[in-house]
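Here is a short report on a protein model. Look at how its chains meet, then at one local feature.

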Amino acid sequence: MALWFSRSRNIIAHLVKTKISPINQSLFHAKYISYKLPYELVWELRKEYSSTATGMVFRRFESARAGEVEEAVTYSTSDYDDDDDEINDAENKTIDFPGGSVAFTQQMKFISESPDKRVPCYRVLDDDGYPIAGSTYEQVDKEMAVKMYKSMVTLQIMDNIFYEAQRQGRISFYLTSMGEEAINIATAAALSFDDIILPQYREPGILLWRGFTLQEFANQCFGTKDDYGKGRQMPIHYGSKQHNFFTISSPIATQLPQAAGVAYSLKMDNKEACVVAFTGDGGTSEGDFHAGMNFAAVMEAPVLFICRNNGWAISTPISEQFRSDGVVVKGQAYGIRSIRVDGNDTLAVYSAIRAAREMVVREQKPILVEALTYRVGHHSTSDDSTKYRPLDEIEHWKTARSPLARFRKWVQRNGWWNDEGETELRGTIRKQLLNAIQVAEKSEKPSLVDLFTDVYDNLPLNLHEQEKSLRETIKRHQKDFPSDVPV
Amino acid sequence: MLIKILTRLVGGGGGGVAAAPRSVSFLNKTFRNYSSSSSSSSSNSSSVKKMTVRDALNSALDEEMCADRRVLLMGEEVGEYQGAYKVSKGLLQKHGPERVIDTPITEAGFTGIGVGAAYYGLRPVVEYMTFNFAMQAIDHIINSAAKTNYMSAGNINVPIVFRGPNGAAAGVGAQHSQCYSAWYGSVPGLKVLAPYSSEDARGLLKAAIRDPDPVVFLENELLYGEAFPVSDEVVDSSFCIPIGKAKIEKQGKHVTITSFSKMVGFSLKAAEILAEDGIDAEVINLRSIRPLDRSTINGSVRKTNRLVTVEEGYPQHGVGAEICASIVEDSFDYLDAPVERIGGADVPMPYAANLERMALPQVDDIVRAAKRLI
């Protein structure tokens, strides 16, 4: 390397002596060290090198010349070095820095902010549900395919009916996963029951797949005494220890570094399972996304990060969310293997998640999966998305790009499903849901004691006193106390 | 995981400007002797064992990590550097890098990881270089750690301890000097502790680590180097102090002075000065900010009929304000004089030594306040 340095020094010295006048010599140095100056500006200056003003500018650069030849990185214009490039490239030029060896180059090349080609998206079925020629995917048998399809239908109907229930004032809030049924169900099918889920909030399909009943969903939304959450949370904030589904938490992306922590503990247990953490496109803007990804990579935590890039974070389109090529490219920034998959293609999602999960468990490293999709519904019942996006766009994704329709075509063409089955299924699910809602509405609310428990492991003295005081008040003003709250 | 990072401003131990507040030479010891291996017994004492707060914390951490494999320590500089204030000295060497984890500079990140690990069943101890930096992680502390047991209906408990120096050090300016006792003390779901002596430090940290609920453990940088006498009981590895009980450091009958952390020392000195004038002050070391030991405080005020609350933090919405409200609610008839509240000046902490002195309660302030009541 010393040899190369001396050679370049000689080149410069040689060029300076023979080709460049004193003023141009300064110019050359200016260009050499002032890579802060735009290249064009230097050319402008070169044209005017006879003026006094530019001469003064160059004199400033003179004082900055000290030590330039000793710098580790050198570069020069292509006019001079075409021949030398070949010679220099052939030599091994690497240099050690904290972080390892890095080869270096004389060419000053900036990595473009946007690649010529975006990262391609893995897909198996085309829009009509035909397998694309040459696609590789995990085979799915009849039983699995039908189960997946039925679950997607159930999820869709559940979303529709609970949404309507909110509109009728029967529950306070609801949030649908419409358009993302494939991501929900195919992911759930591809994972093992032991994999621990840290959801965002648009993944109830995973609970559904794992056996959470429609009644249990209704109990949480209505906040009844049978709600596993003891009526403490807003609707759709499901959680179930026995289904390995962590209770949903509203602040965005907090589950990402927590997932790394859970995975770190899981790793110590040596289980054949991993942690699966979800986020949306908006969630990747949170600081916790950076922290979670970075830590998972550094700690080699077995976390499968799944980003549902559905194009919208309430009213913020992804063009206002980030300027990168989506989320998949961020994986490499953290040293995490990543893949982009068509989130509306059930088979693609299934195959990709199966493969990713296996890698996570086997190699005990994090992996990032970006599933491209579209949020067909509003963000939640507190949102009216027609206010910020065109109706025909929503309609297009609801019908022409529907993940259910696409998968159904594939399943039916295999002879595993038919129209009668469809009608029957939809009728049954609808009936079950309406029944579940009726039951939940008639159910008792959680009892008063559940107001005070679980703040701490044991009921502290002050809460004990408050409960006592409250009960005394209730006794004194019996008729003011709501009749549907059991004491 | 062995990432070397430049230490933050405070520079690995008390090593800032020797602010030279009026009295206490122990401050000088803090600045210079943090790196020397401090023994738990003083060489010139008789039979009384002395232990610095730093050693108390170190031994408590060590013993709990030995007793329970699920306990782990994480934070900036806790491993290779032996701890920014040397509190975790020797722990990496003894327990290994899987249990003493040097983290990158992402408070939000490692707090999130700690909370996640606690969700799954480990018992992490998360160290912040100061609680000022914990603000970058406060969402995880409050929205995740404090509320999850309740929101998950008891399915997910969070046996985590957040610890680190709180309040003013010496000459470290506004962003390194705030006291967060009132902030965390207002959150249901958290337990908040503030030790003063080595006995407090050992007993309360052990209790915090063993507790199934999230605990915020507010230490004080200037106390780390201060040595306190410790009995054999304190040194025993099973020693533990119950959370939620205050300690009456000095019995008295004319005025009650409540304080916590460093201010306990100031209050005791104030009590000495008051004694010269015939005023017998009762000094209470709160030990626990949440739950607050209202019965001990009320009991004391019912005896003395006068109350001075002392804290370093800002007076508005402070610990003293809560104590005052508690007394007014429960022991109003016993008060012979209004409650005197002493807190830090309502300004971001200035750096200049003289201004800093003016911004913090001093022994004289406590003495004057007590005398105003008599």
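## The A–B interface

In this predicted model, 34 residues of chain A are in contact with 39 residues of chain B. The two chains bury about 3,200 Å² between them. Carbon and sulfur atoms give 64% of that area. Three residues stand out on chain A: A:Q258, A:F295 and A:Y456 supply 21% of the area that chain A buries against chain B, more than any other three residues.

What about charge pairing and polar contacts? Polar contacts are present: 14 residue pairs between the chains, both residues at pLDDT 80 or more.

Several helices of chain A each bring at least two residues to the side that touches chain B. They are tabulated here.

| Helix of chain A | Residues |
|---|---|
| α10 | 255-269 |
| α11 | 287-299 |
| α18 | 449-452 |

Which helix gives the largest share of this side of chain A? It is α10(A), with ten residues. By residue class, the side of chain A that touches chain B divides into 17 nonpolar, eight polar and nine charged.

## A hairpin in chain A

Strand β1 (residues 94-97) and strand β2 (residues 100-103) of chain A pair in the antiparallel sense. Four bridges link β1(A) and β2(A). A:I95 stands opposite A:V102 in β2(A). Two residues lie between the strands of this hairpin. There, A:G99 takes a positive phi near 110°.

Definitions and conventions: Residues are numbered from 1 along each chain as its sequence is written. Chains are lettered from A and ligands numbered from 1 in the order in which they are written. This is a predicted model: local features need pLDDT of at least 70, side-chain atom pairs count only at pLDDT 80 or more; totals for chains, interfaces and linings use all residues. Side-chain values use heavy atoms; hydrogens and water are left out. Two strands pair if DSSP finds at least two bridges between them. Contact means heavy atoms within 4.5 Å. Buried area is the accessible area (1.4 Å probe) that two parts lose on being put together, summed over both. A polar contact is a pair of N or O atoms within 3.5 Å; within protein, one must be able to donate a hydrogen and the other to accept it, and residues adjacent in sequence count only if both atoms are side-chain atoms. Ala, Val, Leu, Ile, Met, Phe, Trp, Tyr, Cys and Pro count as nonpolar, Asp, Glu, Lys and Arg as charged, and the others, Gly among them, as polar.
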